[in-house]
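Here's a quick briefing to read alongside the model. Have the sequence and the 3D view open as you go.

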Amino acid sequence: MDVYSIEFKNNTCKISDFGAQIISCIIQGEEMLFLSKKAVFDCSKPIRGGIPIIFPVFGDSKYPNMPKHGFARTSKWILHSSNLTDDYQEITFKLESNTETKTMWKYDFILYYHVRLRIDSLETNLEIHNKSEGILPFECLFHNYFGVHDVSNIEIGGLPIHYYNQLTGRMEDKFRLTNIIDEEVDKIFDESTMCVTLDTKYMIHAYYNKNMHVNCVLWNPWVEKSKLLNDFGDTEYKKMVCIEPGVLNTHNKLTYCKPDEVCNFTQIIIKTDRKVSHI
Ligand code: TA6
């Protein structure tokens with residue numbers, strides 16, 4: 001696997017061509033992302049941490065050969081281009097349907113993944129080009145692993161009241177101005193207008209070009225689940241939280257691209273506690 005680096009005004013972002021996965025992003029001197037000390041880098045499994053791209057399914061699916069969370073995070077992407085402007089440094093990766101993806105999913109597609117590093121933000125954008133004759137049904141999500149000092153001491157704001165609890169299998173609605181994490185959490189929020197905050201540190205905006213609303217998943221494995229993950233340290237749950245904007249097929253809705261259509265999902269993570277810069 002090859003790792004590429006982009007830099008903009010002292011900020012650095014590292015992206016692996018395995019999964020086109022961002023594995024590090026330092027903005028104004030501070031690492032934003034969690035990467036497990038037990039992460040595996042031999043391409044035998046997804047990399048635990050950073051920003052895995054989830055596509056074309058979230059979780060388990062009805063497609064018999066499809067791995068959990070899809071094949072994008074375990075595919076080798078091609079470096080497509082890089083570009084420097086006054087406002088950002090960008091790198092773009094490409095993944096095209098091939099004989100291997102066809103064994104899991106019959107569709108013809110091209111994906112472009114753009115990573116833009118700005119002075120105070122990281123932007124990721126997934127372009128989905130449908131090259132099939134019919135509609136292309138899909139889900140996509142950015143599985144952001146944020147690094148935190150102490151997960152029981154953070155507040156996540158801006159999420160809606162209603163969510164699907166993956167642990168109980170039920171819809172729940174607990175009114176909370178902020179989500180505090182003090183146990184295992186695995187929630188899928190719906191109809192999020194998606195401006196979520198992590199403490200006063202980060203603001204996460206997400207947009208889908210075909211719909212005003214997007215989903216957001218909140219995950220922390222806590223004590224017992226951590227022990228079951230062999231590429232994750234037993235106490236590393238304290239140091240991370242996943243806040244994952246995406247476009248998911250909740251409530252039997254079907255997200256799809258029409259033939260020759262381009263669907264576009266973008267997130268911008270802004271560092272909000274930025275220090276005054278003298279650059
Ligand atoms: O996004 C939350 C989730 O789907 C959880 O249910 C949890 O399993 C997590 O992703 C990690 O999945 P992974 O396949 O990377 O171990």
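Predicted model: local features only at pLDDT ≥ 70, side-chain atom pairs only at ≥ 80, totals over all residues.

- Start with β3, residues 21–27: six of its seven residues are buried, so the strand is largely enclosed by the rest of the structure.
- Four residues sit between the strands in the β2–β3 hairpin, and Gly 19 takes a positive phi near 80 degrees.
- β3 also pairs with β4 (residues 30–31), again antiparallel, through two bridges.
- In this pairing Ile 27 stands opposite Glu 30 of β4.
- The β3–β4 hairpin has two residues between its strands, and Gln 28 in the turn shows a positive phi of about 50 degrees.

**The ligand site**

- Which residues surround the ligand? They are Arg 48, Phe 58, Lys 68, His 69, Arg 73, His 143, Gln 166, Asp 186, Val 217, Trp 219 and Glu 244.
- Sorted by class, that shell has five charged, three polar and three nonpolar residues.
- Lys 68 puts a polar side-chain atom 2.8 Å from a ligand oxygen atom.
- For Arg 73, an N or O atom of the side chain is 2.9 Å from an oxygen atom of the ligand.
- His 143 has a polar side-chain atom 3.0 Å from an oxygen atom of the ligand.
- On its own the ligand has 390 Å² of accessible area, and the protein covers 85% of that.

How values were computed
Residues numbered from 1 in each chain as written. Heavy atoms only, no water. Buried < 20%, exposed > 50% of the residue type's maximum accessible area, 1.4 Å probe, protein only. Pairing = 2+ DSSP bridges. Near = heavy atom within 4 Å. Polar contact = N/O pair within 3.5 Å; in protein donor to acceptor, adjacent residues only side chain to side chain. Areas by Shrake-Rupley, 256 points an atom, 1.4 Å probe, with all protein chains shown as cover. Nonpolar A, V, L, I, M, F, W, Y, C, P; charged D, E, K, R; others polar.
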